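Please keep the sequence and structure in view while reading.

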Amino acid sequence: MGTDRHFLESLLGRMTLEEKVGQLSLYSADVKLAGAETVNPALTFKAPQSRFEDIRAGRVTGVFNGYGEAYIRALQTIAVEDSRLGIPLIFGADVIHGFRTAFPVPLAEAASFEPELAERVAETAAAEAAAEGLHWTFAPGADLCRDARWGRVVESYGEDTLVASRFAAARVRGFQGDDLRDPRRLMATVKHFAAYGAAEAGLDYNTAEISRTTLVDHYLPPYRAAVEAGAGAVMTAFNDVDGVPASANRELLTGLLREQWGFKGFTVSDYNSDFETIVHGLADSPREAARLCFLAGLDMCMQSGLYADQLAGLVADGAVEEAAVDRSVLRVLAAKQALGLFENPYRGLGAAFDPGPARALAREAARRCPVLLKNRDGVLPLKAGARVALIGPFAREHQNLNGAWAIFAANGQSVNLEDGFRAALGDQALIVEPGCAISEALPGGLEAAAAAAAGADVVLLALGEGQHMSGESRSRTDIGLPAAQIELAQAMRRTGKPIVTLLRTGRPLAIPELAALSDALLVTWFLGCETGAAVADLVLGRAAPSGRLPMSFPRHVGQAPIYYARKATGRPPRDPPGPFTARYIDAEPGPLYPFGFGLGYGRIDYGPTRVSPADLAGSGAVTVSCELTERAGADIEEVVQLYVHDVAASRVRPVRELKAFRKVAVAAGARVVVEFELRREDLGFADGTGGWTVEPGAFEVWIAPNAEAGVPARFVLRSEAGA
Ligand code: BGC
């Protein structure tokens with residue numbers, strides 16, 4: 001971000017300590033949001049009516065989750081015209097999966113395995129939000145997560161480090177572009193730093209109990225990728241890491257982020273997470289909380305008012321140097337300058353934004369995220385002219401289309417399944433029945449659904465989670481479907497009609513029974529404003545599913561956390577399971593559907609994985625290749641995945657790690673050769689003493705359709721000297 005240091009320093013020189021602290025104090029807007037009843041807990045550290053006065057006095061750096069030209073212009077006018085120094089406010093918001101136009105939730109987006117798509121979506125969301133005067137988004141989330149009980153998997157990129165890293169970086173590029181001064185861009189925030197997704201037992205806000213090497217190898221790279229892509233801000237997490245809450249964690253905020261990664265932007269707490277260090281039991285008073293967070297490297301407080309109340313006193317006592325406050329203030333002012341706010345504080349406000357192309361992109365994105373898990377006898381795509389019964393609690397409702405974080409978009413403006421199918425089918429028969437509610441039976445629901453099915457050739461069964469069942473503070477111990485929905489699926493099975501289940505969800509679900517009851521199973525996540533249209537496109541064969549699972553689907557919640565990149569055990573699971581192996585005595589081994597799995601309407605046969613040359617010597621690379629052949633006679637887009645396993649190393653390595661992926665179009669009946677380059681630096685890992693190591697020796701390598709499939713080839717990594 002380009003800055004004019006001289007301007008900023010002379011501004012700083014004119015600021016009182018209170019005004020400096022003001023630049024480090026961010027508050028939520030007193031505006032009711034359309035898409036969510038409550039986004040954040042109500043905290044009343046500041047009475048809303050005092051907000052204008054605080055802005056006038058220079059005690060506020062910015063406001064978040066406010067929207068609307070009238071609101072933003074009014075506050076900004078007070079800041080630039082009535083405050084002593086006229087420093088503009090920065091307006092932030094949770095633009096997570098779209099602004100007015102709701103796009104697929106991040107977990108769905110990850111299922112596309114197309115980071116370039118995520119980049120385009122972020123660019124569009126930024127332009128739409130910036131046209132209403134926003135400058136700053138609290139995205140991308142870069143929290144790796146392996147436990148489907150955690151509700152925030154919906155806003156993550158799933159269980160894989162490479163996938164999460166690629167998507168996090170792509171979204172930063174999409175939001176920010178090359179120049180933040182462009183009034184169609186938003187500054188990005190990497191969150192929640194760090195290891196928020198490792199919440200123990202999948203319980204939101206819980207401790208992240210992970211080893212240092214797992215942290216370094218798996219959890220940190222996505223944040224780092226986003227920082228290296230240029231994200232302007234980093235948000236600290238609610239959790240502790242190794243006993244120190246992230247917001248007061250000097251090792252993370254200063255040692256790692258600034259000193260090792262060279263981060264130049266500013267850090268901001270999550271909502272009150274700085275104050276909550278008292279509740280964690282780290283600090284015994286607000287003063288101590290402020291001191292610990294500030295000295296750890298936390299620049300800005302979100303909502304708590306902690307620095308507003310404490311920082312001046314800490315400076316007066318000599319506990320904090322004013323020069324350190326100055327450094328934090330300069331980082332914030334530099335961000336405002338990079339956004340062009342000093343020249344144009346109303347940047348973006350009222351700019352024209354054409355929602356048409358955004359909606360078209362939403363439909364395109366929504367088509368590319370669903371994952372086809374089962375398709376017995378090619379029931380999908382539906383045959384032309386088939387009479388369709390659309391059954392289930394999500395068949396015609398409008399409350400659960402957008403997902404957890406489209407808080408500026410109204411569900412009611414999104415296309416539901418019924419409308420999507422009616423538009424696509426025209427006069428063709430479509431009969432719609434809910435059958436049951438999301439969590440309970442409806443009187444006469446099963447009978448009405450059975451009658452509807454009787455007159456149809458195929459049942460589309462719209463089941464899953466409600467929008468309120470995943471997201472922040474939405475952890476679940478039971479990640480199956482509510483009993484009423486399973487009863488509906490059983491009743492539909494009894495009709496003898498083919499069942500196509502459309503599974504709406506914000507997380508992997510444990511659904512072995514539903515999978516068995518279904519002829520086809522399409523995971524549709526939360527797809528946003530074009531849900532119905534996009535699902536109809538896929539079901540009717542106007543587009544083909546090309547998504548793959550970004551997280552393993554377990555057989556049972558008791559397997560959580562279940563993820564493919566597990567460390568090799570000395571007594572690995574076997575199929576069939578035997579005694580004294582890693583097994584559950586009451587469940588089959590492994591996931592129901594593994595990471596990376598998904599079907600298309602075509603079918604690919606994978607040839608053997610080949611490595612050339614046979615050794616990786618010096619600082620070179622090997623080419624890993626595989627021939628793909630389409631066998632079902634239909635075009636397909638295949639997500640080709642490259643995995644490696646380090647056969648013997650100084651620390652136990654994962655059984656597989658994804659090192660590359662690419663979505664490849666293969667025409668019906670065609671053959672293509674896919675090649676990846678694998679370099680020495682792709683093979684390293686944390687050595688456990690704070691360093692990084694790449695160890696010579698044998699590696700297994702797969703090019704495969706998912707994390708559990710394929711037969712590995714081998715190559716040898718020679719020492720760098722070539723010995
Ligand atoms: C969430 C953040 C969000 C913030 C502001 C917090 O509760 O953890 O992800 O950006 O609220 O809405």
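**Ligand site and overview**

An oxygen atom of the ligand lies 2.5 Å from an N or O atom in the side chain of Asp 270. Taken alone, the ligand exposes 310 Å², and the protein buries 100% of that area. The model is predicted. The ligand takes up the space of the largest cavity, while the largest pocket holds about 1300 Å³ of space.

**Contacts and surroundings of the ligand**

- The ligand has 15 residues around it, of which Asn 40, Asp 94, Arg 152, His 192 and Asp 270 come nearest.
- Arg 152 places a polar side-chain atom 2.7 Å from an oxygen atom of the ligand.
- For His 192, a side-chain N or O atom is 2.7 Å from an oxygen atom of the ligand.
- The shell around the ligand comprises seven nonpolar, three polar and five charged residues.

**Cavities**

- The model contains five cavities of 30 Å³ or more.
- In the largest cavity there is about 70 Å³ of space.
- The largest cavity is lined by 13 residues, and those closest to its centre are Asn 40, Asp 94, Lys 191, Asp 270 and Trp 405.
- Asn 40, Asp 94 and Asp 270 are among the residues closest to the centre of this cavity, and they are also among those that come nearest to the ligand.
- By class, six residues of the lining of the largest cavity are nonpolar, two are polar and five are charged.

**Largest pocket**

- The lining of the largest pocket consists of 48 residues, and Val 216, Asp 217, Pro 221, Arg 224 and Trp 692 lie nearest the centre.
- Three helices, H7 (161-176), H8 (212-228) and H9 (250-260), each supply at least two residues of this lining.
- Strands E22 (657-666), E23 (671-679) and E24 (685-686) likewise each supply at least two residues of the lining of the largest pocket.
- Helix H8 gives the most to this lining, with eleven residues.
- The lining of the largest pocket divides into 18 nonpolar, twelve polar and 18 charged residues.

**Second largest pocket**

- The volume of the second largest pocket is about 790 Å³.
- A set of 28 residues lines the second largest pocket, with Arg 566, Pro 573, Ala 582, Pro 589 and Gly 590 nearest its centre.
- The lining of the second largest pocket has 16 nonpolar, four polar and eight charged residues.

**Backbone exceptions**

- Most residues other than glycine have a negative phi, and most peptide bonds are trans.
- The peptide bond from Lys 191 to His 192 is cis, with omega near -10 degrees.
- Pro 140 belongs to the loop between strand E4 (136-137) and helix H7, and H7 supplies at least two residues of the lining of the largest pocket.
- Asp 242 is not a glycine, yet has a positive phi of about 55 degrees.
- The loop between strand E7 (240-241) and strand E8 (244-245) contains Asp 242.

Technical notes
Residues are numbered from 1 along each chain as its sequence is written. This is a predicted model: local features need pLDDT of at least 70, side-chain atom pairs count only at pLDDT 80 or more; totals for chains, interfaces and linings use all residues. Side-chain values use heavy atoms; hydrogens and water are left out. On a 1 Å grid over the protein atoms alone, a cavity is a set of points where a 1.4 Å probe fits but cannot get out, and a pocket is an open set with protein on both sides within 12 Å along at least five of seven lines; lining residues have an atom within 4 Å of a point. Grid points are joined across faces, edges and corners, and a volume is the space filled by probe spheres set on the points. Helices (H or I, at least four residues) and strands (E, at least two) are DSSP runs, numbered from the N terminus. Ala, Val, Leu, Ile, Met, Phe, Trp, Tyr, Cys and Pro count as nonpolar, Asp, Glu, Lys and Arg as charged, and the others, Gly among them, as polar. A residue is near a molecule or strand if one of its heavy atoms lies within 4 Å of it. A polar contact is a pair of N or O atoms within 3.5 Å; within protein, one must be able to donate a hydrogen and the other to accept it, and residues adjacent in sequence count only if both atoms are side-chain atoms. Accessible areas come from the Shrake-Rupley method with a 1.4 Å probe; for residues, only the protein chains shown count as cover. A molecule sits in a cavity or pocket if more than half of its atoms lie within 2 Å of its grid points.
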